[in-house]
Amino acid sequence: MGKDLKIVLVGLPGSGKSTFGKQLASVLKFPYYDLDTLIEARSQMSIPDIFSRYGEGEFRRQETEVLGNFLNREESYVLASGGGCPCFNDNMDLINEKSVSVYLDVPLEEISKRLGLAKAQNRPMFSGMDQSEITLKLKSLLVERDYFYRQSKIKLSGEDFSAELLVSELIRLLKS
């Protein structure tokens, strides 16, 4: 594969960007990064703290800045973006210009189950919601974000993705 192959995963919260990203990075022997973790390290604040102290606008500004700087790095890697990242500040155009974007298109029912099980985790967007409220929230997010996600160079649909399958898709895409 080419020099400096950057792979950026996009999709709804709970679609598996982090879990799958780590598996994919391992198969490719690339480093794995999480955009939210990079933002937290740079700002020395948690994402929920940035939201509550400065609001979503400031978070999105920082997100775009960190994303842009990171995409300019000269190394190969797998990056899990935040669920909303592609939808703001022309981020999806930037991602597609500088990397291979991969949309993890997981059925809403599966994501809802995952988020319901992981409610204790750091997901302020879904805190205090029951299963049906989580599903409704996911539906509205998908309506807002699908247009951006569908601009990805590769789309993986279903509940389980194999890193090997994606690697063969990447090879095919890079050869064409």
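Author: Contact here means heavy atoms within 4.5 Å. Not counting residues up to four places away in sequence, Val100 touches Leu5, Lys6, Ile7, Val8, Lys153, Ile154, Leu170 and Leu173. This is a predicted model, in which local features need pLDDT of at least 70, side-chain atom pairs count only at pLDDT 80 or more, and totals for chains, interfaces and linings use all residues. Residues are numbered from 1 along each chain as its sequence is written, and side-chain values use heavy atoms, with hydrogens and water left out.

Val100 is found in strand 4, which covers residues 100-105. Helices (H or I, at least four residues) and strands (E, at least two) are DSSP runs, numbered from the N terminus. The relative accessible area of Val100 is 7%, and Val100 therefore counts as buried (under 20% relative accessible area, with exposed meaning over 50% and partly exposed in between, for a 1.4 Å probe and protein chains only). Leu5, one of the residues that Val100 touches, lies 95 residues away along the chain, yet the two C-alpha atoms are separated by 7.6 Å.

The wider interior may be described next. A nonpolar core is a set of buried Ala, Val, Leu, Ile, Met, Phe, Trp, Tyr and Cys residues joined through side-chain atoms within 4.5 Å. The largest such core has 29 residues, of which Leu79 and Leu138 touch the most other members. At least two residues of this core come from each of strand 1 (6-10), helix 2 (35-43), helix 3 (47-54), helix 4 (56-71), strand 3 (77-80), helix 6 (108-117) and helix 7 (131-149). Helix 4 gives the most, with 5 residues. Val100 belongs instead to a second, separate core of 18 residues, which also includes Ile7, Phe30 and Leu166. Ile7 is in contact with Val100, and Ile7 is likewise among the contacts of Leu79, together with Val8, Leu9 and Tyr33, when neighbours of Leu79 within four places in sequence are left aside.

The secondary structure comes to 8 helices and 5 strands, arranged along the sequence as β-α-β-α-α-α-β-α-β-α-α-β-α. Of the 176 residues, 49% count as buried. Among contacts between residues at least 6 apart in sequence, 74% join residues at least 24 apart. The C-alpha trace spans about 45 × 35 × 25 Å along its principal axes.
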